[in-house]
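Biologist: I have a chain open here and would like to go through it with you. Can you put it up?

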Amino acid sequence: MLLNSHSALQEQTILHGRNRHYYYDTPPSDLSIKTMSNGHAIYEIDGGRFAVEENTYLLLNNRQPYQITIESPTIVESFCIFFPQGWAEDVLQVMTKQAETLLDDPLNQAAPSIHVFERIRPLEGAVQHALQSLKAD
């Protein structure tokens, strides 16, 4: 199901928190973007450890369990988006296929799963603007 509304995505998938000390060992979750302000958080996944700080983000795959740790003398602000199951695959299909093909498979049953390289990325350009817009709402 492709969500066509900025507010529909926001209502279902945004976590905005402020903490000095935080630890959470998560079960597998949806494809997600992790950002931090005023400090950093350590994300640990199988085979990786990432420090997410101001002006960076981490993209985690669907069904990726992780641990997050925040230890800071100041309040660290986290802003994370969890995309609903199948959302990224739907977006990819809409952007890459002809309308006729999409009409032949309206439930998107043939869509391959999205897999990203889990690494720290600079928070800039379109991603930065989209996150700022969601955060402002």
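Biologist: Leaving aside its neighbours within four places in sequence, which residues is M36 in contact with?

Modeller: Setting those neighbours aside, M36 is in contact with A41, Y43, V52, E53, E54, I68, I70, V76, E77 and S78. Contact means heavy atoms within 4.5 Å. Before we go on: this is a predicted model, where local features need pLDDT of at least 70, side-chain atom pairs count only at pLDDT 80 or more, and totals for chains, interfaces and linings use all residues. Residues are numbered from 1 along each chain as its sequence is written, and side-chain values use heavy atoms, with hydrogens and water left out.

Biologist: Where is M36 placed?

Modeller: M36 is in strand 2, residues 32-37. Helices (H or I, at least four residues) and strands (E, at least two) are DSSP runs, numbered from the N terminus.

Biologist: Buried or exposed, M36?

Modeller: M36 is buried, because its relative accessible area is 3%. Buried means under 20% relative accessible area, exposed over 50%, and partly exposed in between, with a 1.4 Å probe and protein chains only.

Biologist: And the rest of strand 2, how many of its residues are buried?

Modeller: Six of the six, so strand 2 is largely enclosed by the rest of the structure. S32, K34 and M36 point one way, while I33, T35 and S37 point the other way.

Biologist: Which strands does strand 2 pair with?

Modeller: Strand 2 pairs with strand 5 in the antiparallel sense over four bridges, and with strand 6, also in the antiparallel sense, over six bridges. Two strands pair if DSSP finds at least two bridges between them. K34 stands opposite L58 in strand 5. In strand 6, the bridge partner of M36 is S78, a residue that M36 also contacts.

Biologist: Charges next. How many salt bridges are there?

Modeller: The count comes to three. A salt bridge is a side-chain nitrogen of Lys or Arg within 4 Å of a carboxyl oxygen of Asp or Glu.

Biologist: What does E77 form a salt bridge with?

Modeller: One is R18, with the closest N and O atoms 3.6 Å apart. That pair links distant parts of the chain, with E77 in strand 6 and R18 in strand 1 (residues 14-25), 59 residues apart. E77 also forms a salt bridge with K135, where the closest N and O atoms are 3.5 Å apart. K135 is in helix 4 (residues 125-136), 58 residues from E77. Salt bridges that share partners join R18, E77 and K135 into one network.

Biologist: How do those three count for burial?

Modeller: E77 is buried, with a relative accessible area of 17%. R18 counts as exposed at 54%, and K135 is partly exposed at 31%.

Biologist: Change of topic. Where is Q64 found?

Modeller: Q64 is in the loop between strand 5 and strand 6. Q64 counts as buried, because its relative accessibility is 13%. Leaving aside neighbours within four places in sequence, Q64 is in contact with P28, S29, I45, D46 and E118.

Biologist: Last one: what does the secondary structure of the whole chain come to?

Modeller: Four helices and seven strands, running α-β-β-β-β-β-β-α-α-β-α from the N terminus on. Buried residues make up 38% of the 137 residues.
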